[in-house]
Amino acid sequence: MAKKSDPNSKLIAENRQARYHYAIQSDLEAGIVLTGSEVKSLRRGGANIAESYASVENGELWLINGYIAAYKEAGVFGHEERRRRKLLVSKRQLSDLWNAVRREGMTIVPLKMYFNDRGRVKLAIGVAKGKKLADKRETEAKRDWNRQKQRLLKQQG
């Protein structure tokens, strides 16, 4: 029997370039503190996390430079489109992230933003290390080879 898709769970935004520019070491799910107009705007699908990153400051995790489109119907009670938003993780996860960021070259990158099955906005974040140009070329070569392999298998079968 086919799985029924939950109407509440929905992908809002995805950082597709993250896996190309960074080698993801580990990932985790974080909650995000939003206002009402931000949630309504996200239900319409107006978000971009491609240029954003997360940072640990004063014992809290923050999403910086994440874009959520303005919600016109909110009027004067709207929100700033690129404000800093607090991310919700456990103390243990926060300490692990802080230790990872202290290592050289590690950063916290948002991978995707989505509504979970309960209708809450979640952000998948990854602890990553930046790739060098040679690593990026290797990733491209693997991707191209996999495409070519699929084409060959499709032609034979």
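This is a short talk on one protein chain and a few places in its structure.

Let's start with the model itself. It is a predicted model. The mean pLDDT of the chain is 87. Of its residues, 95% reach 70 or more. Where is confidence lowest, and where is it highest? It is lowest in α1, with a mean of 86, and highest in β7, at 94.

Now the overall layout. The chain has 157 residues, and 34% of them are buried. The secondary structure comes to 4 helices and 9 strands. Read from the N terminus, the order is β-α-β-α-β-β-β-β-β-α-β-β-α. The C-alpha atoms fill a box of roughly 60 × 45 × 30 Å along the principal axes. Next, contacts.

On to helix α2. This helix covers residues 36-44. Which of its residues are buried? They are S37, E38, S41 and L42. These four cover an arc of only 140° around the axis, so they sit on the same side of α2. An α-helix has 3.6 residues a turn, so residues three or four places apart point the same way.

What covers those buried residues?
- β1 (10-14) and β3 (47-48)
- β6 (67-68) and β7 (85-88)
- β8 (106-115) and β9 (121-130)

After α2 comes G45. Its phi is positive, near 90°.

Next, the largest pocket. How much space lies in it? About 190 Å³. Its lining is E14, N15, R16, R19, D27, L111, K112 and A124. Sort those by class, and you get 2 nonpolar, 1 polar and 5 charged residues. Why roll a probe over the atoms at all? A probe the size of a water molecule shows where empty space is left.

N15 is found in the loop between β1 and α1 (18-21). Is N15 buried or exposed? Its relative accessibility is 7%, so N15 counts as buried. The cut-off for buried is under 20%. Leave out residues up to four places away in sequence, and N15 touches I49, A50, V109, P110 and L111.

A50 is found in the loop between β3 and β4 (53-57). With 41% relative accessibility, A50 counts as partly exposed. How far is A50 from K112? In sequence, they are 62 residues apart. In space, they are 9.2 Å apart, C-alpha to C-alpha.

Last stop: two asparagines. N58 is not a glycine, yet its phi is positive, about 55°. N58 lies in the loop between β4 and β5 (60-64). Its relative accessible area is 80%, so N58 is exposed. Now N65. Its phi is also a positive value in a residue other than glycine, near 70°. Where does N65 lie? In the loop between β5 and β6. At 27% relative accessibility, N65 counts as partly exposed.

Find the buried side of α2, with S37, E38, S41 and L42. Find N15 in its loop between β1 and α1. Then find N58, exposed in its own loop.

Technical notes. Residues numbered from 1 in each chain as written. Predicted model: local features only at pLDDT ≥ 70, side-chain atom pairs only at ≥ 80, totals over all residues. Heavy atoms only, no water. 1 Å grid on protein atoms, 1.4 Å probe; cavity = no way out; pocket = protein on both sides within 12 Å on 5 of 7 lines; lining within 4 Å. Points joined across faces, edges and corners; volume = space filled by probe spheres on them. Nonpolar A, V, L, I, M, F, W, Y, C, P; charged D, E, K, R; others polar. Buried < 20%, exposed > 50% of the residue type's maximum accessible area, 1.4 Å probe, protein only. Arc of directions from axis to C-beta. Contact = heavy atoms within 4.5 Å. pLDDT = per-residue confidence, 0-100.
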